Amino acid sequence: MVLGIEDPWIWSAYIGCILAMLLCVVYGVVNWNKGAEDEEEQIKEEMEWHKKEKEMEEKELGLWDEEG
Amino acid sequence: MDIFILSIVVLIYLLMVGYVGYVAWKRTKSADDYMVAGRKTHPYIMALSYGATFISTSAIVGFGGTAGVYGMGLLWLTFLNILVGIFIAFVFFGKRTRKMGHNMGALTFPEFLSRRFNSKFIQYFSGAVIFLGMPLYASVVLIGMARFVETTLQIDYNFALVGMALIVAVYVIFGGLRGVMYTDALQGTIMFFGMLFLLASTYWVLGGVVDANQALTNLINIVPASATAKATATGFTGWTSMPSLGSPFWWTLVSTLILGVGIGVLSQPQLAVRFMTVKSNRELNRAVLIGGIFIFMMTGTAFVVGALSNVYFFDTVGKLAIAVAGGNADKIIPTFIGGAMPLWFAYLFMITLLSAAMSTLSAQVHVQGTALGRDIYETVTSKTGGSSVMIARAGIAIAVIIAVILGFILPANIIAVGTAMWFSITAASFLSLYIFALFWKRSTKVGAIAGLLTGTFFSMFWILFGYQKSAAALGICQAITGNAVILTTAPWPTVDPIVIGLPLAFVVTVVVSLLTKPPAQEHMDLCFKGI
């Protein structure tokens, strides 16, 4: 009996959710500053991508965005 | 309905959204400013807007209510939502999708697959699957909203549905609200604290974590056997124990609800596209932390509270949750919040649910518009602009109308199952293709097309002829063969399409790829540049 639950298949899910969440937290903390080495170039790439997406939305879908 | 409290809650909410919108607007004067501001987007905002797109009324109202019937076994779905939907999706799929998407200049999910495998067919075929299948998902999100409004404000369901549809239509037509990530993040924040409050007060009302869970465990021995007779006959054993292994109840829980949605999330077109809007892997790393906590709180709370509502209702009115909700699991969460929580909270929760549904619906509708305009029309006719705008707009209008019509005709207890169907169709169709696109350079165009067709047509076939819930409702198998499903022996009528469709598509893609000529090296170099 764990946390008032008898079936190990259920309390392991209950505990598993908490562990999976902690995995995400630990991963996020450990890698908080990693992965930005080529940020400048990435930003440029992403700007290009975003510009194209916006063009598609305006020219092909006729949507407009208040974001601007 | 208490108009005074409702008005105050709505007013405070609107003031908050208005303020956040104003701050965002002040910071971004021009489109270029927006671009720059977007690049500085805090990972908190990225993660919460992803979360707000992922989690909607379907997860909270639909699956929460389903937990009232299936019990805490549904927590395995929360486990997968965090591990697969956040961790694996961000760390393993997100980073590659972002880089490869930029390398290939792909703007939509079908386009991503199509450019990777150098096949226009993949683009318009995938676009068609999305355009035809997505209204089901959009419709159940809409139903979730309408059910909550129906119960909380005590108005007629049909009236609520039309009201919700009008709000959605206005929201979509004035598409300007779409993509305002700040308001998404605000809604996400309110939802987070709303769910935290709901979880804490539910456990508080029921005497603490251990006592409440214990009471739920004991419940199966206290309720009259007649109340659970139908479920027990199909394998139900209690709200804190797994159903009998291999029983119909077990298959529905494990194959449809847990695997269908838990795995299917990886190939959701409206979520995959979000990875391409991230500036670096660091943002994804950080978003893992925030997303993990967010999804834990959203789905974990919904499923725990849904299951525990049985204890609350049995203690207060002597009935099980599903009986109090009139046999419709979609109404369990609204009824519980209406009954057990303070009125102001029910109103606040309703508004945040509506906004969560809005962000999901607008992403769905957007993906449908691009599927018809860019992925189908432009790819088939090789024309851009002009007529494509009309087609995309018409597509959006048709999508919203179909979703509303489905909202009227779909039966009760549909939200979770409808969501799961859509997730398992997309998983069977796209997931093997998507995985190989990202991780296997030897996969070929012909292999990819073979896998795509196998997964799509198998899951469609199974939905029409094999899977009891859908086949019986559609009646096509009945008309042709005289039986509701082709394989009547257990467990086949309760085996979800994803269980067979996904492995089948996987194997077909591998075998056909190995039998065909490997793709050109230059193309691979372009796609995998920097990976």
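1. The crossing of α6(B) and α7(B) is right-handed (the near helix is turned clockwise from the far one by less than a right angle). Helices here are DSSP runs of H or I, at least four residues, numbered from the N terminus. The model is predicted: local features need pLDDT of at least 70, side-chain atom pairs count only at pLDDT 80 or more, and totals for chains, interfaces and linings use all residues. Residues are numbered from 1 along each chain as its sequence is written, and chains are lettered from A and ligands numbered from 1 in the order in which they are written.

2. Helix α6 (residues 109-117) and helix α7 (residues 120-153) of chain B have axes, lines fitted to C-alpha atoms over the stretch in contact, that come within 7 Å and cross at roughly 160 degrees. α6(B) is therefore roughly antiparallel to α7(B), the term for angles over 145 degrees between N-to-C directions, on a scale from 0 to 180.

3. On the α6(B) side, B:P110, B:E111, B:L113, B:S114 and B:F117 meet B:K120, B:I122, B:Q123, B:S126, B:G127 and B:I130 of α7(B) (contact: C-beta atoms, placed from the backbone, within 7 Å). The residues of this contact divide into five nonpolar, four polar and two charged; Ala, Val, Leu, Ile, Met, Phe, Trp, Tyr, Cys and Pro count as nonpolar, Asp, Glu, Lys and Arg as charged, and the others, Gly among them, as polar.

4. B:M298 touches B:I55, B:A59, B:I60, B:M191 and B:M195, not counting residues up to four places away in sequence.

Terms used:
Contact = placed C-beta atoms within 7 Å. Helix = DSSP H or I, 4+ residues; strand = E, 2+ residues; numbered from the N terminus. Parallel < 35°, antiparallel > 145°, perpendicular 65-115°, else oblique.
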